[in-house]
Amino acid sequence: MRPAVKTLLATAAAVLLSLPAPLGAQPASWRDVPTPPLKPFTIVKPVRVVLPSGMVLLLMEDHELPLLSAYALVRGGSRNDPAEKAGLATIVGQTWRTGGTKTKTGDELDDFLEARAAKVETGSGVAASTVGLSCLKGDADAVLAIFAEILRSPEFREEKLVLAKNQMRTAIARRNDQPMQIASREATKLGYGADSPYARVPEYATVAAITRDDLLAWHRKYVHPDRIVMGITGDFDTKEMEATLRKLFGDWPKGPAVTDPAPSVRTAPARGVFLVEKDDVNQSSIHLVHLGTDRKNPDYFALEVMNEIFGGGFSSRLFSHVRSDKGLAYAVYGGVRSNWDYPGLFDVFLGTKSQTTATGIDALLAEIDGIVATPPSADEMKKAKDAILNSFIFRFDSREKVLREQAQNEFYGYPPDFLDRYRAAIEKVTAGDVQRVAKMYVRRGDLAILVVGKSADFDRPLSAFGPLTKVDITIPPPPGEKKAAATDATRAAGKALFAKTVAAMGGAARVGAVKDVTTKGKAAMKTPQGEMEIGVTAVLVFPDRIRQELQTPMGGITQVATPAGSFVVSPMGTQDLPGSQRDEMLKQVRRHPLFLGQKGEDPKLSASVGGTEKIGDVQAAVLDLSYDGQDVRWYVDPASGRLLRASYSGTGPGGPATVVVDYSDYRPVDGLTLPFVQEISQNGQKIQTVKLEELRVNAGADPKAFEKPAPKPAS
């Protein structure tokens with residue numbers, strides 16, 4: 001043995017010998033390790049000050065670090081939005097800070113705050129809107145002054161409103177991409193009612209209707225000191241901070257009385273089974289829902305324990321039985337949810353593979369029956385209470401967290417000692433209490449069962465669980481320009497102009513014989529960093545396959561969309577395309593002039609002349625086409641029949657857009673005459689120019705080019 005090893009072993013032995021001998025037998029299992037009782041947990045109380053205007057201030061000193069944070073709750077949120085302007089409060093929250101004040105633009109506020117490593121942020125929720133700040137102690141006076149100015153006199157500048165509306169339109173366009181998001185949204189509608197403010201969602205039309213005057217009117221109506229609770233914590237002296245806040249807000253007059261009507265919720269449960277058909281997934285997202293209760297309910301604490309036993313954590317019945325024992329769940333949870341001042345939902349969620357959808361619902365229903373019929377064991381009660389009380393301490397491990405919770409209690413009218421009573425109230429809950437509230441608040445007969453998934457792959461039809469309703473999640477299109485009503489005369493003229501345009505392309509026979517189109521060229525694209533040129537190769541197979549290959553400075557990107565599936569291959573690997581992007585690519589195939597040109601005798605095609613418009617030097621005839629749900633407007637040279645421009649409503653990276661494609665540089669291709677240059681604009685802004693180097697028809701697309709690559713084996 002080497003000397004170094006001998007020395008190491010000798011040292012280890014000496015250390016072991018120096019350790020104290022065990023005082024008694026070691027526990028045989030972790031279950032036998034004694035758990036000491038929780039130490040007393042004291043909730044620090046803030047100093048409460050009420051200004052003459054009714055504004056409530058909660059001040060809590062915390063001298064651990066030289067920091068300051070504040071949090072103002074304003075009574076007004078999305079539940080106050082008019083139905084025709086759904087999304088208003090959300091846009092208020094986004095532009096309240098970014099839109100600046102009367103003395104500073106949002107960009108100037110950015111510079112001011114960034115120079116001080118400070119933040120002032122705004123947002124909106126269901127019942128309340130918020131303005132918050134954080135800064136260093138030395139910058140407190142300057143940042144508080146900005147905070148007060150934003151709270152009292154925001155400007156909501158137009159350019160930030162435009163940006164916020166664009167972001168919301170993007171969110172609307174993509175809201176059907178993620179199955180779990182669809183499931184949560186539609187389950188909320190079933191729980192509250194689709195027309196309830198608690199379930200209402202913004203649409204293109206409601207967002208388009210929102211103006212800067214609406215934001216200013218919202219602020220005038222809701223933002224008054226008697227509708228605000230403000231908490232502030234940090235390294236300050238309470239008396240000095242109170243004086244500072246009185247100086248900032250003391251002259252702010254109380255606002256007019258505003259009656260906030262109680263938002264509606266459904267009075268009768270939406271019993272039955274509801275399906276959102278989504279054929280591009282291999283998993284089902286399942287919700288079982290009915291109306292729940294609020295936190296002011298005396299049974300709130302018993303429900304907290306019941307929820308933990310039923311579906312709250314790793315030891316819950318749902319997790320243990322449905323996920324661990326039966327192997328049916330990617331994710332599973334559930335319980336009777338409660339909100340501050342309006343009902344939550346009883347909601348049970350399961351994510352499972354398509355082939356175990358019905359079996360998964362069976363398992364959920366069995367657990368729902370079980371929580372009502374079978375009282376919790378002593379072990380379940382202990383684990384649930386321990387989990388709740390231990391997490392309670394970590395929820396409030398800083399004075400800032402404590403103050404935020406106390407500000408919420410103040411705002412929603414809860415007693416000042418609500419947090420103090422929480423622990424004792426949980427400890428008093430008995431197994432009998434849990435079974436009593438389960439029987440009262442878990443109502444299997446009221447359940448709505450919602451499934452988002454591919455029904456063709458389900459193990460049993462959903463109708464086995466009750467009357468089946470299919471849910472339409474189609475996104476209503478944005479408001480566009482209204483077309484004049486077609487008449488017999490405009491339809492006759494439209495049919496003639498359509499035939500002339502097809503003749504200019506090469507004639508009905510040659511156009512009708514086109515099965516696929518392959519193009520290769522360069523695209524000059526406008527980007528925030530300037531113009532960028534990329535190589536583009538595209539293969540379109542009528543009626544429903546497309547492959548695009550892009551050669552970018554960042555590497556090659558291939559996108560493929562077919563009814564069977566869609567994917568993108570990039571330097572980051574292979575991923576599925578979002579559903580909205582797949583749908584837009586397939587629409588691109590069906591908007592192609594050659595595809596539409598083949599539908600002259602199809603009764604699903606309608607064509608109507610809609611006036612004229614100047615395109616360059618040509619007074620073009622406007623031809624409105626509609627085919628199988630696709631609306632396209634062609635602008636045609638009436639003399640030659642040549643297609644000069646097409647426009648349609650599409651969806652781009654920034655959401656919905658009016659897309660305009662200008663065609664030029666027509667050349668002969670296999671008896672056809674087709675454009676080799678396309679200039680594309682969205683919402684009036686030119687985004688790219690595509691110049692083709694090669695265009696072939698009926699080149700014979702390889703079917704394998706549309707198949708998703710197999711995953712590479714792990715190295």
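This report describes salt bridges and cavities in a predicted model.

Residues are numbered from 1 along each chain as its sequence is written, and side-chain values use heavy atoms, with hydrogens and water left out. Because the model is predicted, local features need pLDDT of at least 70 and side-chain atom pairs count only at pLDDT 80 or more, while totals for chains, interfaces and linings use all residues.

**Salt bridges**

Side chains of opposite charge can pair when their charged atoms come close. A salt bridge is counted here when a side-chain nitrogen of Lys or Arg lies within 4 Å of a carboxyl oxygen of Asp or Glu, and by this rule the count comes to 43.

| Pair | Distance |
|---|---|
| Glu155 and Lys102 | 3.4 Å |
| Glu203 and Arg175 | 2.9 Å |
| Arg582 and Asp279 | 3.7 Å |

Helices (H or I, at least four residues) and strands (E, at least two) are DSSP runs, numbered from the N terminus. Glu155 and Lys102 form a salt bridge; Glu155 lies in the loop between helix H4 (140–152) and helix H5 (158–173) and Lys102 in the loop between helix H2 (88–98) and helix H3 (106–114), so the pair ties together parts that are 53 residues apart in sequence. With buried meaning under 20% relative accessible area, exposed over 50% and partly exposed in between (1.4 Å probe, protein chains only), Glu155 is buried at 17%, whereas Lys102 is exposed at 61%. Both residues also belong to a network of salt bridges that includes Arg212.

In the pair of Arg582 and Asp279, Arg582 lies in helix H19 (residues 579–591) and Asp279 in the loop between strand E7 (272–277) and strand E8 (283–291), so this bridge joins parts that are 303 residues apart in sequence. Arg582 is buried at 11%, and Asp279 is partly exposed at 44%.

**Cavities**

A cavity is a set of points, on a 1 Å grid over the protein atoms alone, where a 1.4 Å probe fits but cannot get out, and its lining residues have an atom within 4 Å of a point. The whole structure holds two cavities of 30 Å³ or more, where a volume is the space filled by probe spheres set on the points, which are joined across faces, edges and corners.

The largest cavity has a volume of about 50 Å³, and its lining includes Tyr71, Thr233 and Glu400. The second largest cavity has a volume of about 30 Å³, and helix H15 (418–428) gives the most to its lining, with three residues.

Conventions:
1 Å grid on protein atoms, 1.4 Å probe; cavity = no way out; pocket = protein on both sides within 12 Å on 5 of 7 lines; lining within 4 Å.
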